[in-house]
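Okay, hi everyone, let's get going.

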Amino acid sequence: MAKVSVIIPFYNCKYVDQAIDSVLKQTFSDIEIILVDDGSTMYTEKLFPYLDRIHCIRQINGGTACALNRGLQTVKGEYVAWLSSDDLFYPDKIKRQVEFMEQRNAAFCYTDYHVINERSQIIQHDATAKFRTFRSFIEAFTSYCPINGCTVMMKSSIIKQIGYFNETLTYTHDYDFWVRLLLEKENMYYMNEPLTAYRRHEEMGTIRHLGSIQIELEKVKVNYFNEFQGLLANY
């Protein structure tokens, strides 16, 4: 099977060692881990035990989109996945998702996930929104982002097709990226298996910056309003 590149953006996150461990423990063997230290001033000592097994890139703080793009510029894998430094991959995540994608010749796939707490205990099972029709999936994008970025695997060649993450978007770069892919009419396959653990905790940006996220989300929605209407007109 093809090589998979896993990008881990890291900024002052105390769970980063658990994230790295979850990738190192994958049942799929051909993986490169690219950790982008986005100007961290805390918890960098947690990286030391792994430096001989990961590719660590350090940069001045530029935000998650910037860190992801830096990682994408160095990937060697045919497939690429993204893991936030406070989340976890379950052991079969990469193997199962690569098998699923190669069976369908898919360029993009996202999966279900569980929500965990600070102690890695599951507090919500199968948290991904489910859609009966493709139209309802499109309609969801007019309100919110229905895809958890850490469940995504995509072919690295997609970057040549639609470009990199928008670095002017502090919080909604993933939403903007998925929308651009949707408008390109790329098949966005859903794999109905919870292969990622998404951690909710008091320090996460989604909690601390909720107001700013909502404002930025509205700006992105307005930006793509006409394109959404045209897409929905075909379904």
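Let's start with the charges over rings. The charged end of Lys93 is placed over the Phe89 ring, 4.4 Å from the ring centre. When I say "over", I mean that NZ of Lys or CZ of Arg is within 6 Å of the ring centre and within 35 degrees of the ring normal. Arg199 does this too, with its charged end over the ring of Tyr15, 4.1 Å from the centre.

Quick housekeeping. This is a predicted model, so local features need pLDDT of at least 70 and side-chain atom pairs count only at pLDDT 80 or more, while totals for chains, interfaces and linings use all residues. Residues are numbered from 1 along each chain as its sequence is written, and side-chain values use heavy atoms, with hydrogens and water left out.

Now, rings with rings. How many aromatic pairs does a search of the whole structure find? There are 14. The rule is that rings of Phe, Tyr and Trp (its six-membered ring) pair if their centres lie within 6.5 Å; planes under 30 degrees apart are stacked, over 60 edge-to-face, and the rest tilted.

Take Phe100 and Tyr189: the ring centres are 6.4 Å apart and the planes are at 80°, so we call that edge-to-face. Phe100 belongs to helix α3 (residues 93-104) and Tyr189 to strand β9 (residues 189-199), so this pair ties together parts 89 residues apart in sequence. Helices here are DSSP runs of H or I with at least four residues, strands are runs of E with at least two, and both are numbered from the N terminus. Buried or partly exposed? Phe100 is buried, at 12% relative accessible area, whereas Tyr189 is partly exposed at 25%. The cut-offs: buried is under 20%, exposed is over 50%, partly exposed is in between, with a 1.4 Å probe and protein chains only.

Another pair is Phe134 with Phe137, where the centres are 5.9 Å apart and the planes at 40°, so that one is tilted. These two are three residues apart in helix α4 (residues 134-141), which puts about one helical turn between them. Phe134 is partly exposed at 33%, but Phe137 is buried at 5%. Both also belong to a cluster linked by ring pairs, along with Tyr110, Phe131, Phe141, Tyr175, Tyr190 and Tyr235.

α4 and α6 pack at about 140° with their axes 11 Å apart, which makes α4 oblique to α6. Axes are lines fitted to C-alpha atoms, for helices over the stretch in contact, and angles run from 0 to 180 degrees between N-to-C directions. Under 35 degrees is roughly parallel, over 145 roughly antiparallel, 65 to 115 roughly perpendicular, and the rest oblique. Who meets whom? Phe134, Phe137, Ile138 and Phe141 in α4 meet Tyr175, Trp178, Val179 and Leu182 in α6, where contact means heavy atoms within 4.5 Å.

α6 (residues 173-183) also packs with α9 (residues 225-232): their axes come within 11 Å and cross at roughly 40°, which makes α6 oblique to α9. On the α6 side you have Tyr175, Val179, Leu182 and Leu183, and they meet Glu227, Phe228 and Leu231 in α9.

Last stop, Ser143, in the loop between α4 and β8 (153-155). Ser143 is partly exposed, at 42% relative accessibility. Beyond its neighbours within four places in sequence, Ser143 contacts Leu217 and Lys221. That's me done, thanks.
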